[in-house]
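Open the model in your viewer and keep the selection panel at hand. The stops below go from surface to helix and back.

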Amino acid sequence: MTSTGLSDVVPVVPLARSVVMIQQIAGMLYVAMVVARLVAMGLRRRERYDNA
């Protein structure tokens with residue numbers, strides 16, 4: 001998602017550039033949130049087994 005504009009496909013219209021920038025940021029935030037959620041679930045599971 002973040003490689004838009006590095007090849008032959010480049011948004012030309014300013015509105016399209018803005019939409020692509022928002023999409024890139026949202027995509028990176030989504031990946032970060034998924035990873036954070038998985039880590040939190042793993043830590044919660046580890047705490048549950050350590051206390052048992």
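Which arginines form a positive surface patch? Select Arg 37, Arg 44, Arg 45 and Arg 48, which together make up that patch in this predicted model. Stay on Arg 37, a residue of helix H1, which covers residues 14-51.

Next, colour the whole chain by secondary structure. The chain has one helix and zero strands. Pick the end C-alpha atoms of H1 and check the distance: they are 55 Å apart.

Now select Val 20, Gln 24 and Gly 27, which are buried residues in H1. Over the chain of 52 residues, buried residues make up 8%.

For the next stop, select Tyr 30, Val 31, Val 34, Val 35, Leu 38, Val 39, Met 41 and Leu 43. These residues make a nonpolar surface patch of about 750 Å². Within this selection, pick Val 31, which lies in helix H1. With a relative accessible area of 46%, Val 31 is partly exposed.

Finally, show the surface of the whole chain. The chain exposes about 4900 Å², and carbon and sulfur atoms supply 66% of that area.

Definitions and conventions. Residues are numbered from 1 along each chain as its sequence is written. This is a predicted model: local features need pLDDT of at least 70, side-chain atom pairs count only at pLDDT 80 or more; totals for chains, interfaces and linings use all residues. Side-chain values use heavy atoms; hydrogens and water are left out. Patches are made of residues with over 30% relative accessible area and no salt bridge: like charges are joined within 9 Å, nonpolar side chains (Val, Leu, Ile, Met, Phe, Trp, Tyr) within 5 Å. Accessible areas come from the Shrake-Rupley method with a 1.4 Å probe; for residues, only the protein chains shown count as cover. A salt bridge is a side-chain nitrogen of Lys or Arg within 4 Å of a carboxyl oxygen of Asp or Glu. Lys and Arg count as positive and Asp and Glu as negative; His and the chain ends are not counted. The place of a charge is taken as NZ of Lys, CZ of Arg, CG of Asp or CD of Glu. Helices (H or I, at least four residues) and strands (E, at least two) are DSSP runs, numbered from the N terminus. Buried means under 20% relative accessible area, exposed over 50%, partly exposed in between (1.4 Å probe, protein chains only). The expected span of a helix is 1.5 Å times one less than its number of residues.
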